[in-house]
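Colleague: Walk me through this model, one feature at a time. Give me the general idea, then the case.

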Amino acid sequence: MSVIEVTKANFESEVLKSEVPVLADFNAGWCGPCRAMKPMLDELAEGNTAYKIVSIDIDAEDELAEDYDVSSIPCLVVFKGGEEVNRSVGLIPKDAIAALVEG
Amino acid sequence: MYDIIVIGAGPAGMTAAIYARRAAKTVLVLEALSYGGQILNTPDIENYPVEAHISGFDFSTKVYEQAKGLGAEFVFEKAVEIKDEGGVKTVVTPKNSYQAKAVILATGSENRKLGLEDEQRLTGKGISYCATCDGNFYRNKVVAVVGGGNTALEDALYLADLAKQVYLIHRRDSFRGDDTNAARLKARENVEIIYNANVTKLIAEKRLKAIEVTDKLDGSVRTIELNGLFVAVGRVPENQNFANLVQLDDAGYAVAGEDCHTATPGVFVAGDNRVKTLRQLVTATADGAMAATEAVKFVNSL
C-alpha cells in the first residue's frame, strides 16, 4: 500500500472503520519537518499490509485537525478500532514512527 | 573503515561531506533524525547567496542530493559515543559501530526547554517551540511567548498578527533582541510585555490552559489563562555525548577556532555546536568546508 490522502469525506471509512491500525500523518506543505518525514512514511507504507498510513493536510482539513486537537505539526496519531491509541508530535526517525504503531 | 565520518546531516555536516568527497575520501554521514536539521523549520531563507527565496526543506534536499551524488553514504542512526584509539575512531550508535580515521562533529543544537513539570507531555498540546510552524493553530486565541532574544521578539510579532492577545514574558528588564523589533512590539495593542518574570507552572487538563508567572522582584504570582505557550529561550548544543574528546565551554559549545580543530587530533567540529559569534546558514556551511579540509589533511598525514 502507499500513503492514502484522507479528507473529512473519507476519514470515517479509511480511518475510523479501518480493519487494520491506521497511522494518521497530520501535515502541511509549508511545514519543513513534515516534508522531511514524508519519504519515511512512504517507505513504511510500501508493501505494508499490517497497518495503513494516511496523510491529512491540516490547511484543507482544518475541521479534522480541530476534532483531533492537533495544534503542532508534524503530528502522528495512531488509531485502532476507531480510537486514538498513540500520538507523537515533531520530527522523529523512521524506526520511532514504526514503533508508534507496532508498539 | 571510512576515511571520514560526519555526525549530523544539517548544512554544516552535509557541506563537509561534499568537500570530503571532492577530495576523494570515503565519507559516512550519521544522522539521528532526518537530513536538514534546524533549517527545516525555516519556511523561507532570504539571506543565503544565490537564491533570493528558498524553503529550508528545499535547500536541505538540494544539499543532500548534491552530497549523495558525490558518493557520500548516509545512515540514519544516532551517534552516542566516539572511542578514540589514535589513528582509528569508532563511532557507536544503538545498533552498530563504524570506524573512521577522522570524525567531524556537526551535531548542531536543540531547543532549550523551560524545565517545568509536564512540559514534555504538553508539547503539541498547547506548548510549541516554533511559532512559524504552529502559529496558525492559534488564530484569534490567547498565547504567550517566553524569552528575550531575537527569536522571541520575532515570534511575538508573528503571533501578534494572528492571535487575539499575546503576552511576552521576559526574565530581564530589557531585551537582548534588536531595538527595531522591541519597538514594533511595544506599539502593538494586543501585546503585553511582562518583564522580570519567569513562567513557574503549567496548568493543564488534557491541554495547557493557563500558566503561572512569578515576578522576580516582588515574588508575586499571576495566573494567565491561555491557549498556547511558545518557548523561545535559546538552544542547547548537542555535544554532551562527545565531552570525553572535546573541550566544552560553560554553555556546552565545543571550543575550536576557525580551523575547527578540537582537543583531540582527528576530531573536528563544524556548525552551530562550535563556539562562534554568528550562527547562520552561511557560517554553518563555511564551517563544513573548513572542517572537511582539515580532516582531509589529517587523513593524508596518517
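Modeller: Take the order of elements in chain A. Helices (H or I, at least four residues) and strands (E, at least two) are DSSP runs, numbered from the N terminus. From that end, chain A reads β-α-β-α-β-α-β-β-α. That comes to four helices and five strands. Keep in mind that this is a predicted model: local features need pLDDT of at least 70, side-chain atom pairs count only at pLDDT 80 or more, and totals for chains, interfaces and linings use all residues. Residues are numbered from 1 along each chain as its sequence is written, with chains lettered from A and ligands numbered from 1 in the order in which they are written.

Colleague: What radius of gyration does chain A have, and what would a compact globule have?

Modeller: The radius is taken over C-alpha atoms, and the globule rule is 2.2 Å times the number of residues to the power 0.38. For 103 residues the rule puts a compact globule near 13 Å; chain A has 12 Å, which agrees. Along the principal axes, the C-alpha atoms of chain A fill a box of roughly 30 × 25 × 20 Å.

Colleague: How much of chain A is buried?

Modeller: Count C-beta atoms, placed from the backbone. A residue is buried if 20 or more others lie within 10 Å of its own, exposed if 12 or fewer, and partly exposed in between. In chain A, buried residues make up 38% of the 103.

Colleague: Where is A:Lys17, and is it buried or exposed?

Modeller: A:Lys17 is in the loop between helix 1 (8-16) and strand 2 (22-27) of chain A. It is exposed, because 11 other C-beta atoms lie within 10 Å. Now contacts: two residues are in contact if their C-beta atoms, placed from the backbone, lie within 7 Å. Not counting residues up to four places away in sequence, A:Lys17 touches A:Glu12 and A:Gly82. A:Val101 is 84 residues from A:Lys17 in sequence and 17 Å from it in space, C-alpha to C-alpha.

Colleague: What share of the contacts in chain A join residues at least 24 apart?

Modeller: Take contacts between residues at least 6 apart in sequence. In chain A, 74% of these join residues at least 24 apart.

Colleague: Which domains is chain B divided into?

Modeller: Domain bounds come from an automatic or database domain assignment. Chain B has domain 1 (2-110 + 235-301) and domain 2 (119-231). Their centres, taken over C-alpha atoms, are 33 Å apart.

Colleague: Now sheets. What is the strand order in the five-stranded sheet of chain B?

Modeller: Two strands pair if DSSP finds at least two bridges between them. The open sheet of five strands has the order 8-15-9-10-11, with parallel pairing. Strand 8 and strand 11 of chain B stand at the edges with a single partner strand each, so one side of each has no neighbour in the sheet. Strand 8 (residues 127-128) pairs with strand 15 over two bridges; B:Ser128 has B:Phe230 as bridge partner. Four bridges join strand 9 to strand 15, and B:Ala144 stands opposite B:Leu229.

Colleague: Which residues of strand 15 are buried on its two faces?

Modeller: B:Gly228 and B:Phe230 are buried on one side, B:Leu229 and B:Val231 on the other. Both faces of strand 15 of chain B are covered.

Colleague: And what packs against helix 5 of chain B?

Modeller: General idea first. An α-helix has 3.6 residues a turn, so residues three or four places apart point the same way. In helix 5 (residues 150-160) of chain B, the buried residues include B:Ala152, B:Asp155, B:Ala156 and B:Leu159. The buried residues of this helix pack against several elements of chain B, among them strand 9 (142-146), strand 10 (165-169) and strand 15 (228-231).
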